[in-house]
Amino acid sequence: MSADHALPASDEQLTGRLRMYYWMRLTRTFDERMVSMWKQGRGVGATFSQRGHEAISVGAGLALAPDDVVAPLHRDLGCYLVRGMAPDRIFGNLLGKATGVTGGRDANLHGLGDLSLGIIGFISHIGLSMPVALGAAVAFQQRAETRAVLTFIGDGGTSTGVWHETLNTAAVFGAPLVVVVENNQYAFSTPLSQQMRVSDVASRAEGYGMHGEIVDGNDVEVVYDAVRTALERARSGGGPTLLEAKTMRMLGHAIHDGAEYVSAELLLEWEQRDPLAIFEERLLASGVEGRDLRRIDRRADQEIDAAIAAAEAAPLPDPSQMERGVYVA
Amino acid sequence: MTTNADSRLAPSGPETIHRDLTYLEAIQEALRVEMRRDPSVCVLGEDVGGTFGGAFKVTDGLAAEFGDARVRNTPLCELAYVGMATGMALMGLRPVVEVQFADFITSAFDSIVQFAATTHYRWGGPVPWVIRAPSDGGISSGPFHSQNPEAWFVHTPGLKVVAPSNPADAKGLLIASIRDPNPVIYFEAKPLYRSLRGEVPSGEHVVPIGRASIARSGSDVSIVAYGAQVREALGAADRLAHEGIHAEVLDLRTLKPLDWEAILASVHRTSRVLIVHSANRLAGVGAELAAEIAELAFEALDAPPVRLGAPDTPTPFSPPLEEAFRPDADKIVAAVRDLVRY
């Protein structure tokens, strides 16, 4: 498994909002290239578009301190990238290559765990990362370490029993845990109205006795500030936080899903609030030069081109190794 | 014949003192020894902490010695607290989880089978936890406080499964399970908790995972058992000896990985094998044993491998029903007589 993904030399100087823009753009470019590869038949199995989720995954990911731990899901690509998971390792995983994060064992964006980067890989049973993230938080608390844990879940995931068990237990323990709900209006084809009878998931925080907050999930700076504050609260003994980030899943659940069940009007409404576009607009209005953003765009293109080329050229896993690693030797 | 006749076991050190402990006291001693040795070892579960010390009092006194953080009471949430143990283990702790009754382990099934068991294979995350599951019946506990669900976990890649039959192994296998870098499910036979006493070495007594033990030597038939059924098998073997039938009792001790070397060696010695477990016979651990023995030792056998287990029925509550349901020494004696006559 390869080492950390360092920022290219030319971008190491990127700070603050330009750095934020770089990660947003890298995530968007990765996603667009991935989607077109799958449409061209160059993919293996399924994959999951990230479109519309970049502000949450990047904003929350950037808010983490180096020693914090995160348990992301399948629409949190930006978070994996920000934590230092190299794009070629992720493309390698998407293509089932030996160089992928899981060496061809777990599928597409699943199971992208790497403890050296402080990332816990998830399983398809949505909700099951929640108690694992809580356990990591409890470990930090037990050893009196000032570290916090971040995890994500979708609106559909909030209907599971393990969601309830985890939030209640996190509150009882006062655990340093931050849960970001990516409320993207649909769980596969099921709209929010068939998932819950409340308009805000965050309103449930009160019922657990924890801090709850609603944030604009399409505004990367808002997400960053809210997650950073929540993580600081967690590290300083203030207990867990439930953050609901409102957004929209702009494409289907997975690549094979045309999402015909989503109205064109709803998509159009959210398209006006595209997280990349609103952030770029704000940067330009604040005096950032367009050519600086385009330079970052080109850098992202080059990085993703190189990652795809490396992943496509990488070897497939050796079937003779298939039974290895079930157990720690 | 004595327990621990297995010559592959490391001898105890010269300073080792053997004391008589109950099965329950031996489990408790293992927890205390490991918690004193290693600050990363901790205990969690429902009612395990404080001054209460667990539904069966296995963790009694641990909170007083090690504090509430290392002996952690959880809310009623099997799925969450097993998931928590996975997260704690990934961060370098060695949690020992008590599910109050093995029956309730199903409420944690996803956290065990889907998450913890697959993690190392998928992305290399080590999950060194132990789940202690008080199992088995015979004490009128009804359908939901008597179960033996070990076969589900033996069927799951990535888990190890142990089931000690006596106090010395209860201690030694728990210490081995805590030190193992993989998720281990430790089935403790609650009918033995206070009813079985035996010599237990003091200190860091380790019984390696994956090693069966010959609980009694014999030449006519092998009785392969584990957990509470080893005591029944030993009782049956005593009675059979009076009839001139010399039964060997092989105590599996570990159900995953199985000690095929010891199992096949015993079958080769006796040419007849009876497999006994408290769990349902259908698709139980005995089914795998019988199939593998038939495949690998067919020519050594003078009779088909025979299995004795519970019927395909939930565990009934009322004493005559449960007695009819559960294998015991009487049923083992009858099955061996048939097997020897084959």
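## A loop residue in chain A

A:Gln185 is found in the loop that connects E3 with strand E4 (186-187) of chain A. In this predicted model, the phi angle of A:Gln185 is near 75°, a positive value in a residue other than glycine.

## The parallel sheet of chain A

Chain A contains an open sheet of 5 strands, arranged in the order E1-E2-E3-E7-E6, and the pairing is parallel. Its edges are formed by strand E1 (69-71) and strand E6 (211-216) of chain A, each of which pairs on one side only, and the twist from one strand to the next averages 20°.

Within this sheet, strand E2 (residues 149-154) and strand E3 (residues 177-183) of chain A run parallel and are joined by 6 bridges; A:Ile153 has A:Val181 of E3(A) opposite it. Helix H8 (residues 220-235) of chain A lies across E2, E3, E6 and strand E7 (241-246) of chain A, and its direction is at about 170° to that of E7(A).

## The largest nonpolar core

The largest nonpolar core comprises 201 residues, and the members that touch the most others are A:Ala136, A:Val178, A:Val180, A:Val227, A:Leu243, B:Ile223 and B:Val336. Domain 1 (18-201) and domain 2 (213-341) of chain B both contribute residues to this core, so the core lies between them. In soluble globular proteins, nonpolar side chains tend to be buried together.

The surroundings of A:Val178 may be listed in detail: leaving aside residues up to four places away in sequence, A:Val178 touches A:Ala148, A:Leu150, A:Val227, A:Ala230, A:Leu231, A:Ala234, A:Pro240, A:Thr241 and A:Leu243.

## The buried strand E2 of chain B

Strand E2 (residues 41-45) of chain B is largely enclosed by the rest of the structure, because 5 of its 5 residues are buried. B:Val41, B:Val43 and B:Gly45 point one way from E2(B), while B:Cys42 and B:Leu44 point the other way, and all are buried.

E2(B) pairs in the parallel sense with strand E4 (residues 94-98) of chain B over 5 bridges, and in that pairing B:Glu98 of E4(B) is the bridge partner of B:Gly45. E2(B) also runs parallel to strand E3 (residues 71-73) of chain B, to which 3 bridges join it, with B:Val43 standing opposite B:Val71 in E3(B). The loop between E2 and helix H2 (62-66) of chain B holds B:Lys57, whose phi is near 70°, again a positive value in a residue other than glycine; B:Lys57 is partly exposed, with 13 other C-beta atoms within 10 Å.

## The mixed sheet of chain B

Another open sheet of 5 strands, with mixed pairing, has the order E9-E11-E10-E13-E14 (chain B). Strand E9 (213-216) and strand E14 (306-310) of chain B are its edge strands, each pairing on one side only, and neighbouring strands of this sheet are turned against each other by 25° on average, direction ignored. Strand E13 (residues 273-280) of chain B pairs with E14(B) in the parallel sense over 4 bridges, and B:Arg307 in E14(B) is the bridge partner of B:Ile275.

Helix H7 (residues 229-242) of chain B packs on the sheet, where it touches E9, strand E10 (221-225), strand E11 (247-251) and E13 of chain B, and its direction makes about 170° with that of E11(B). Helix H8 (residues 260-270) of chain B lies across E10, E11 and E13 of chain B and runs at about 175° to E11(B). In the loop between strand E12 (254-256) and H8 of chain B is B:Pro257, which a cis peptide bond with omega of about 0° joins to B:Lys256.

## Contacts between domains and chains

Chain B is divided into domain 1 (18-201) and domain 2 (213-341), and the centres of these domains, taken over C-alpha atoms, are separated by 26 Å. In chain B, 26 residues of domain 1 are in contact with 22 residues of domain 2. On the side of domain 1 of chain B that touches domain 2 of chain B, the elements giving two or more residues are helix H5 (150-154), strand E6 (160-162), helix H6 (167-179) and strand E7 (184-189) of chain B; by class, this side has 14 nonpolar, 8 polar and 4 charged residues.

Between the chains, 32 residues of chain B are in contact with 33 residues of chain A. Helix H3 (78-90) and helix H4 (109-123) of chain B each supply at least two residues of the side of chain B that touches chain A, and that side has 18 nonpolar, 12 polar and 2 charged residues.

Definitions and conventions
Residues numbered from 1 in each chain as written. Chains lettered and ligands numbered in written order. Predicted model: local features only at pLDDT ≥ 70, side-chain atom pairs only at ≥ 80, totals over all residues. Core = buried A, V, L, I, M, F, W, Y, C linked by C-beta atoms within 7 Å. Buried ≥ 20, exposed ≤ 12 C-beta atoms within 10 Å, placed from the backbone. Domains from an automatic or database assignment. Contact = placed C-beta atoms within 7 Å. Nonpolar A, V, L, I, M, F, W, Y, C, P; charged D, E, K, R; others polar. Pairing = 2+ DSSP bridges. Axes fitted to C-alpha atoms, helices over the stretch in contact; angles between N-to-C directions.
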